[in-house]
Amino acid sequence: MRKRRIWWGLGISLIGLGLLIGTGWTQQLATTATVTAPKRKKHVKVATKLAKPKPLTAAQKRRRAADRTDGVGKVLATRAGNSRVPYQLANDHVKLYDSLKHVNNRYHVTVDGDEEEISAPIKVVIAKLFDTEKGTYCLIQNVHHVAVNRPFKAYAKQTWTNLKPNNDWGYIALKDLRRTTYRRSVTTLPKVPYYLTSFEGKNPSNLAMNLGNTIVHAWSNVPGTVFRAFAHDTDTLLNQQFYAVKRLVRTDGRRYLLLKTASGRTIGWLPEESQLVQGRYHDAATVLLTPKSTETVTQAVQHTIKRTESSGYLSRSRVTWVTDRQHQLKRALILTAMNTPIKVTFRAGQAQQVTFYQPNRRRNRVIKVHFKKQSNQRTYDRENEYGDAGSVTVYRNHKRRLVSFSDGDDPTDEEGYTASGVLYRNRTATFKSGIWSNQDD
């Protein structure tokens, strides 16, 4: 009985001790919860805090208010321009705007200021049109009469209709443009014969990129009717018969002829200037050598030159010589790739006289050959308005060479074109031509 009471007391004590331990753990967990909960709440509050927007400046407020009143409203449609329709500015006081949001006397420039280069009578074309709620506005591009100088065939299938607007000029209202024309008159001609005597490669600019840089171009369209026009390789048009079927006078007074070949193939529009000669074409050798019926005419022609990045014109040099019945050399005519005629007269196998001609076959310089005592060769030059161009060297006792020549640009220039050749005593000839550059880059 006594033992039972002891066991009951021991059990009650253990139960009390368990309750006491459980209460302590509960209080500790509650204390931990009360300590960490505020930290979590504070962390969330910091993460969700938003920055206050900065107030607009006075200038920003004025601009936003002006945008609602000065703009053109909604852009309803955009259209591509037409390079064949020329315009002029209505006057020198029209405004060009840098943005369609500002077209009411804000952010504009006047043509009589920095934009004099496009004031009338300079022609422009519309590159792009914007139809808006407040009228039609345009981006314009001036018309460049630039001819492509590279081989015509490489560009024949391209069309230069992708006009690039001049963004520096900004936008202009269509009402401030006045439509004009490129031509003053066009007349039909009854197949008037012409031929092309020369092409000048004067003052070449970056020949490596502008092959065939001549001052004569055959436009595939009426000059000025396209933003950028093609140029035929006019050097391939030398020394043949053409026929002019139309004459065009532009508004600036420039005159052009529409030329065709004898078979009717259209060549294009060439400037009506001194390089075009009216009349029937006759071979230069026939005209300048005047061979007799008892004399024999022989000709050596340079091989065709394929136009590449390192070779310029397609024209070919040629040498024509006349011999008598005893096969003695009497006269020789050099026609360089630059179309410069040079005649050399011989007697007993030695050069006696050198005659330089202009490309139109007018006599330029006549020289009597005199060898110095200790010299077996003499070199003579033809001078033109661009400096020395065209030289010939005659030899007295050279075993192989009889005459050599060169023509083209001054070799001291930055870049240029040169044609050269040699006539040998065995009546054969060699030729060489191409572009060159003294530039480092």
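Predicted model: local features only at pLDDT ≥ 70, side-chain atom pairs only at ≥ 80, totals over all residues.
View 1. The structure contains 3 aromatic pairs. Phe130 and Tyr171 form an edge-to-face pair, because their planes meet at 70° with the ring centres 5.5 Å apart. Planes over 60 degrees apart count as edge-to-face. Phe130 belongs to strand E5 (residues 124-132) and Tyr171 to strand E7 (residues 171-173), so the contact ties together parts 41 residues apart in sequence. Phe130 is buried, at 10% relative accessible area. Tyr171 also counts as buried, at 19% relative accessibility.

**View 2. The pair of Tyr195 and Tyr281.** These two rings are edge-to-face. Their centres lie 5.5 Å apart, with 70° between the planes. Tyr195 sits in strand E9, while Tyr281 lies in the loop between E13 and helix H3 (284-289). The pair links distant parts of the chain, 86 residues apart. Both Tyr195 and Tyr281 are buried.

**View 3. An open sheet of 5 strands.** The strand order is E12-E11-E10-E9-E13, and the pairing is antiparallel. Strands E12 (266-271) and E13 (276-278) stand at the edges. Each has a single partner strand, so one side of each is left without a neighbour in the sheet. From one strand to the next, the twist averages 35°.

**View 4. Strand E9 against strand E13.** E9 (residues 183-196) pairs with E13 in the antiparallel sense, over 3 bridges. Tyr194 stands opposite Gln278 in E13.

**View 5. Lys191 over the ring of Tyr243.** Lys191 lies over the face of Tyr243. The distance to the ring centre is 4.9 Å.

Key. Residues numbered from 1 in each chain as written. Heavy atoms only, no water. Pairing = 2+ DSSP bridges. Helix = DSSP H or I, 4+ residues; strand = E, 2+ residues; numbered from the N terminus. Axes fitted to C-alpha atoms, helices over the stretch in contact; angles between N-to-C directions. Phe/Tyr/Trp six-rings, centres within 6.5 Å; stacked < 30°, edge-to-face > 60°. Buried < 20%, exposed > 50% of the residue type's maximum accessible area, 1.4 Å probe, protein only. Lys NZ or Arg CZ within 6 Å of the ring centre and 35° of its normal.
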